[in-house]
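Open the structure in a viewer and keep the sequence panel beside it. The stops below say what to select and what is there.

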Amino acid sequence: MQTPQAILFDLDGTLADTAPDLAAAVNVMRAKRQLAPAHYQSLRPHASAGARGLLGAGFNITPEHPDFIAMRDEFLDQYASALVVHSTLFKQVPDLLRGLDVLGVSWGIVTNKAMRFTLPLIPLLDLQEARCVVSGDTTPHSKPHPAPLLEAARQLGIRSENCWYVGDDLRDIQAAEAAGMTSIAAAWGYCGATEPKHWKADAIIDSPLELLELVRAKHLQASALESYAHSHI
């Protein structure tokens, strides 16, 4: 694992617990159809998969269904009308980000969430200090394609191999590997259909502050090696 010059984060399920408002949008749609609310715990694991995952869990509908596009647009409009009612940063995330600032490690956000949602959400969650924000429609491709991660590295002016990418979904780990970044699985997140231990990430972290300790340890190690090298010149 390279000592990181920058840490890039997924948004939903990694920095922010947005599942309550995403699930609420599904249940507004169900109420309009005289359906009982779906249980929150049945929707939460699908929050990182966006409209496709949530509509699948809430209505057993796939993108191939003739009604999917209309329902997707309805879902997105409903979600946009109530972005941050119950959504919050995960506990320890503010301390993690402050710790990275103290270490001089840049941090940014790479999400598959469309810019339509990302731009208003970032300040509402007090994440406006991010050095870069790459949304799902910033580049022609979204994760697991590496393009969004490479765009973030370009914006930061940091080589991709000197970045870590932290996410709570298999596609985050796949995108990091394709971009040549160290991949970190955020096991505190939604995690989807498969457990992080099956993702082949470079590391699995159980809490945001555990990530900070790992970054701090790598920087101390790098400083020690640099001091040793100078002492032997």
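Helices (H or I, at least four residues) and strands (E, at least two) are DSSP runs, numbered from the N terminus. This is a predicted model, in which local features need pLDDT of at least 70, side-chain atom pairs count only at pLDDT 80 or more, and totals for chains, interfaces and linings use all residues. Residues are numbered from 1 along each chain as its sequence is written, and side-chain values use heavy atoms, with hydrogens and water left out.

**Whole chain.** Start with the protein chain, which has nine helices and eight strands. Its radius of gyration is 19 Å, close to the 17 Å that the globule rule gives for 233 residues, so the chain is as compact as a globular protein of that length. That radius is taken over C-alpha atoms, and the rule is 2.2 Å times the number of residues to the power 0.38. The C-alpha trace spans about 75 × 30 × 30 Å along its principal axes. Of the 233 residues, 49% count as buried, meaning under 20% relative accessible area, with exposed over 50% and partly exposed in between (1.4 Å probe, protein chains only).

**Helix α3.** Select residues 50-59, helix α3, and colour its buried residues: Ala-51, Gly-53, Leu-54, Leu-55, Gly-58 and Phe-59. Their cover includes α1 (19-32), α2 (40-43) and α4, where contact means heavy atoms within 4.5 Å. After α3 comes Asn-60, with a positive phi near 55°. Now show Arg-30, which lies over the face of Phe-59 at 5.8 Å from the ring centre. A charge counts as over a ring if NZ of Lys or CZ of Arg is within 6 Å of the ring centre and within 35 degrees of the ring normal.

Rings of Phe, Tyr and Trp (its six-membered ring) pair if their centres lie within 6.5 Å; planes under 30 degrees apart count as stacked, over 60 as edge-to-face and the rest as tilted. By this rule there are three aromatic pairs. One of them is Phe-75 with Tyr-79, stacked at 6.4 Å centre to centre with 5° between the planes. The two residues are four apart in helix α4 (residues 68-80), so about one helical turn separates them. Phe-75 and Tyr-79 are both buried.

Next, show the open sheet of six strands, ordered β5-β4-β1-β6-β7-β8 with parallel pairing. At its edges stand β5 (133-134) and β8 (203-205), each with a single partner strand, so one side of each has no neighbour in the sheet. Two strands pair if DSSP finds at least two bridges between them. β1 (residues 6-9) and β4 (residues 106-110) pair in the parallel sense over four bridges, and Ile-7 stands opposite Trp-107 in β4.

Now turn to β7 (residues 182-186), where five of the five residues are buried. Thr-182, Ile-184 and Ala-186 point one way, while Ser-183 and Ala-185 point the other. In a regular strand the side chains alternate between the two faces of the sheet. β6 (residues 163-167) pairs with β7 in the parallel sense over four bridges; Val-166 has Ile-184 as its bridge partner in β7.

**Asn-162.** Which loop holds this residue? Asn-162 lies in the loop between α7 (147-156) and β6. Asn-162 is buried, with a relative accessible area of 15%. Not counting residues up to four places away in sequence, Asn-162 touches Gln-2, Thr-3, Pro-4, Gln-5 and Ala-6.
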